[in-house]
Amino acid sequence: MPGSQQARLDALFHALSDSSRRRMIDQLSLGPASVSSLAQPLKLAMPSVVKHLAVLERGGLVNSEKQGRVRTFQLVPGALAQVEAWAAERERTWRRRFDRLDAFLAATTDGERNGDA
């Protein structure tokens, strides 16, 4: 994986590593929301919420727009695609390994039943 893709994946996983940020993502999945409406259910101080949102924005998960004094955030469509692709590749690798292990164990068990052991 090229360095830029690795850095992007690192930023995504970092953004997703905090439960408050994941709750913000859950809330944003319902539609765009202001900073204050994102802060309200978390019971966090506004500066903390702004820092969390900056991490989500650096991770490419959300973007924001300011209208007057209100900053509104929304999810970036397809932002999790790289995480999904990374996880799918790991799953394919482990499935192949388990398939080989199953084949080995089946061959070993068949050999023992036929008196080859």
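In which helix do W94 and F98 both lie, and how many residues apart are they? Both residues belong to helix α5, where they stand four residues apart, which corresponds to about one turn of the helix. The model described here is a predicted one, and the contacts reported below are to be read with that in mind.

## Aromatic pairs

The count of aromatic pairs in this model comes to two.

W94 and F98 form an aromatic pair that is tilted, with a centre-to-centre distance of 5.9 Å and an angle of 40 degrees between the planes. The angle of 40 degrees falls between the limits of 30 degrees for stacked and 60 degrees for edge-to-face rings, and so the arrangement is classed as tilted. W94 is partly exposed at 47% relative accessibility, and F98 is partly exposed at 48%. The face of W94 also has a charged neighbour, since R97 lies over this ring at 4.9 Å from its centre.

## Salt bridges along helix α5

Three salt bridges are found in the structure. The side chains of E89 and R92 meet in one of them, with a distance of 2.8 Å from N to O, and these two residues, being three residues apart in helix α5, are separated by about one helical turn. E89 also forms a salt bridge with R96, in which the closest N and O atoms are 3.9 Å apart; this distance lies within the 4 Å cut-off, and the contact is therefore counted. As to accessibility, E89 has a relative accessible area of 30% and is partly exposed, as is R92 with 43%, while R96 counts as partly exposed at 42%.

A further salt bridge joins E91 to R95, the closest N and O atoms being 2.7 Å apart. E91 and R95 are four residues apart in helix α5, and about one helical turn separates them. E91 counts as partly exposed at 42% relative accessibility, whereas R95, at 52%, counts as exposed. Through salt bridges that share partners, E89, R92 and R96 are joined into one network.

## The nonpolar core

The largest nonpolar core comprises 21 residues, and those with the most contacts inside it are M24, L38, L53, L56, L61 and F73. Helices α1, α2 (19–28), α3 (35–39) and α4 (46–58) each supply at least two residues of this core.

Notes: Residues are numbered from 1 along each chain as its sequence is written. This is a predicted model: local features need pLDDT of at least 70, side-chain atom pairs count only at pLDDT 80 or more; totals for chains, interfaces and linings use all residues. Side-chain values use heavy atoms; hydrogens and water are left out. Rings of Phe, Tyr and Trp (its six-membered ring) pair if their centres lie within 6.5 Å; planes under 30 degrees apart count as stacked, over 60 as edge-to-face and the rest as tilted. Buried means under 20% relative accessible area, exposed over 50%, partly exposed in between (1.4 Å probe, protein chains only). A charge sits over a ring if NZ of Lys or CZ of Arg is within 6 Å of the ring centre and within 35 degrees of the ring normal. A nonpolar core is a set of buried Ala, Val, Leu, Ile, Met, Phe, Trp, Tyr and Cys residues joined through side-chain atoms within 4.5 Å.
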